[in-house]
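Visitor: Please take one part of this model and look at it closely. I would like to know how it is built and what packs against it.

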Amino acid sequence: MPAPSQLSIATSAVRRLLKEESTYHKELVTEEQKLKDLEQRVENGEENEDGNAEFILNQHRTAVEQTKAVFAPLRKRIEDAVTRLEEQIAIGEENGANETELEAAKQVLKEGQKPAANGASA
């Protein structure tokens with residue numbers, strides 16, 4: 001089996017980064033919901049069995065903030081990968097690359113060019 005082309009590699013890189021971004025958006029939604037539920041329980045005076053609700057609340061707040069911090073660098077990596085993919089598409093079109101590969105690359109390029117949405121990527 002021949003080695004994957006540069007176009008295929010660039011396409012896979014963008015696809016993988018978009019999937020990673022989508023996963024982080026889902027994780028953020030989950031963590032924010034857990035935080036909201038825990039805050040509500042603490043506000044209602046419900047303590048957990050260990051009596052460490054405040055500690056757990058702070059842990060969830062930290063998890064939410066850490067997840068949010070991932071997005072800016074990840075979006076930059078996506079933008080860089082999209083630029084490389086654009087270059088590879090241009091090269092592929094000039095050199096007569098496989099049409100199926102080019103179409104797949106163009107579709108992934110469209111997805112990568114969309115602005116980051118809250119939980120709605122890839």
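Guide: Start with helix H1 and its length. At 1.5 Å a residue, its 38 residues should span 56 Å, and the end C-alpha atoms are 55 Å apart, so the two values agree. The expected span is 1.5 Å times one less than the number of residues. Helices here are DSSP runs of H or I with at least four residues, numbered from the N terminus.

A word on the basis. This is a predicted model, in which local features need pLDDT of at least 70 and side-chain atom pairs count only at pLDDT 80 or more, while totals for chains, interfaces and linings use all residues. Residues are numbered from 1 along each chain as its sequence is written, and side-chain values use heavy atoms, with hydrogens and water left out.

Ser5 sits in the segment before H1. Its relative accessibility is 27%, so Ser5 counts as partly exposed. The cut-offs are these: buried is under 20% relative accessible area, exposed is over 50%, and partly exposed is in between, with a 1.4 Å probe and protein chains only. A polar atom of the Ser5 side chain lies 3.0 Å from the backbone nitrogen of Ser8.

Go to the other end. Glu43 lies in H1. With a relative accessible area of 69%, Glu43 is exposed. H1 is followed by Gly45, which has a positive phi, near 80 degrees.

Next, the partners. Two packed helices are described by the angle between their axes and the distance between the axes. Axes are lines fitted to C-alpha atoms, for helices over the stretch in contact, and angles run from 0 to 180 degrees between N-to-C directions.

Take H2 as a partner. H1 covers residues 6-43 and H2 covers residues 53-95; their axes come within 8 Å and cross at roughly 160 degrees. H1 and H2 are therefore roughly antiparallel. Angles under 35 degrees count as roughly parallel, over 145 as roughly antiparallel, 65 to 115 as roughly perpendicular, and the rest as oblique. The H1 and H2 crossing is left-handed. That term applies if the near helix is turned anticlockwise from the far one by less than a right angle; clockwise is right-handed. The residues of the H1 contact with H2 divide into 23 nonpolar, six polar and 14 charged. Ala, Val, Leu, Ile, Met, Phe, Trp, Tyr, Cys and Pro count as nonpolar, Asp, Glu, Lys and Arg as charged, and the others, Gly among them, as polar.

Thr67 is found in H2. Thr67 is buried, at 5% relative accessible area. Its side chain makes a polar contact of 3.3 Å with that of Glu27. Asn58 is also placed in H2. At 39% relative accessibility, Asn58 is partly exposed. The C-alpha atoms of Asn58 and Gln33 are separated by 14 Å.

Then H3. H1 and H3 pack at about 30 degrees, with axes 9 Å apart. That makes H1 roughly parallel to H3. Their crossing is left-handed. H2 also packs on H3, which covers residues 99-113, at about 150 degrees with axes 10 Å apart. That makes H2 roughly antiparallel to H3.

One term remains. A polar contact is a pair of N or O atoms within 3.5 Å; within protein, one must be able to donate a hydrogen and the other to accept it, and residues adjacent in sequence count only if both atoms are side-chain atoms.

Note on methods. Helix = DSSP H or I, 4+ residues; strand = E, 2+ residues; numbered from the N terminus.
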